[in-house]
Amino acid sequence: MNRLPIIYVVSDSVGETAELVTKAAISQFNGANVTIKRFPYVEDTAHLDEVISLVKLDKGMIAYTLVKPDMRNYMRDITQMEGIQACDLIGPIMDQIENLCGTKPLNEPGLVRKLDEDYFKKVEAIEFAVKYDDGRDPRGIIKADIVLLGVSRTSKTPLSQYLAHKRLKVANVPIVPEVDPPEEIFVSAPNKCFALKISPDKLNQIRRERLISLGLNDKASYANIERIKEELAFFEKVVAKIGCPVIDVTNKAVEETANVIWNMYNKKLQS
């Protein structure tokens, strides 16, 4: 059996895909003694010419993933002209997907890696929201991108999760008269705090429905209107001390409130 001494893996991105496919193919030859040399981030034809020179010296072959049509075409033409064995690992399937979908490809290198990074950032943000939900650990206030403040039943948790899907690390802190707010919201995080305001009547309705759903008496102090007014008055004092933006969530859906926070957050970043 003729063994190929070297396969040059060439890519305009990291080259992981090309190397994995090449290794999978090599594995079908009973551990053939083939050396793989990876050439990532090939950006122009001058780089391709360098690779071609090396391949000719080694009498090897090329496996490549080049998404830009001009680079792909150049690689095809130059390898044919030089009599070098070359395998385009991504071009043919891109062409067929284009025919199938009737849509032009973006032709941007590294999109798979970008998508992977985006996914892991989202997972990390979701895990963060769970870990630092409901003021469980004040250290989350320091690490967070956004800190949500509000009395009980102002949608702090669903808002945290919604914003986490936008890759924001969100901690939320309940404001209760009997508990001193964590010092971190005054010292470390006033510029990333967002306060969630709600009308007493709306909060009374939400809490009563919550108690009923749990099979409890809706006359409990948790849903008492005077108790609610006391909580909201304390909340307003805390927010005034911080000086953070206040968002009225009385008649807003979670998605609507999240978009308001998202837009305000981005404006702060740009200012």
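The model is predicted. Its open sheet consists of four parallel-paired strands in the order β6-β5-β7-β8. Strand β5 is largely enclosed by the rest of the structure, because five of its five residues are buried.

- The edges are formed by β6, residues 170–174, and β8, residues 246–248, each of which pairs on one side only.
- On average, neighbouring strands of this sheet are turned by 25 degrees against each other, direction ignored.
- In general, the strands of a sheet pair through backbone hydrogen bonds, either parallel or antiparallel.
- Strands β5 and β6 run parallel and are joined by five bridges; in this pair, Leu148 stands opposite Asn172 of β6.
- Strand β7, residues 193–197, pairs with β8 in the parallel sense over three bridges.
- Ala195 has Val246 of β8 opposite to it.

**Strand β5 and Leu148**

- Both faces of β5 are covered: Ile146, Leu148 and Gly150 are buried on one side, and Val147 and Leu149 are buried on the other.
- Leu148 is a residue of strand β5.
- Leu148 counts as buried because its relative accessibility is 0%, and the term applies under 20%.
- Apart from neighbours within four places in sequence, Leu148 is in contact with residues that include Lys156, Leu159, Ser160, Phe194 and Leu196.
- Val170, Ala171, Asn172 and Val173 are also among the contacts of Leu148.
- Ile261 is another contact of Leu148; the two residues are 113 residues apart along the chain, and their C-alpha atoms are separated by 9.7 Å.

**Helices on the sheet**

- Helix α9, residues 200–213, packs with α10 at an angle of about 120 degrees, and the axes are 10 Å apart.
- The two helices are therefore oblique to each other.
- Their crossing is right-handed.
- Helix α9 contributes Pro200, Asp201, Leu203, Asn204 and Arg207 to the contact, and α10 contributes Ile225, Ile228, Lys229, Glu231 and Leu232.
- By class, the residues of the contact of α9 with α10 comprise five nonpolar, one polar and four charged.

**The pair α2 and α3**

- The axes of helix α2, residues 45–58, and helix α3, residues 69–82, come within 11 Å and cross at roughly 30 degrees.
- Helices α2 and α3 are therefore roughly parallel to each other, a term used for angles under 35 degrees.
- The crossing of α2 and α3 is right-handed.
- On the α2 side, Thr45, Leu48, Asp49, Ile52 and Lys56 meet Met71, Tyr74, Met75, Ile78, Thr79 and Glu82 of α3.
- The residues of this contact of α2 with α3 are divided into six nonpolar, two polar and three charged.

Key: Residues numbered from 1 in each chain as written. Predicted model: local features only at pLDDT ≥ 70, side-chain atom pairs only at ≥ 80, totals over all residues. Heavy atoms only, no water. Pairing = 2+ DSSP bridges. Axes fitted to C-alpha atoms, helices over the stretch in contact; angles between N-to-C directions. Parallel < 35°, antiparallel > 145°, perpendicular 65-115°, else oblique. Left-handed = near helix turned anticlockwise from the far one by under 90°. Contact = heavy atoms within 4.5 Å. Nonpolar A, V, L, I, M, F, W, Y, C, P; charged D, E, K, R; others polar. Buried < 20%, exposed > 50% of the residue type's maximum accessible area, 1.4 Å probe, protein only.
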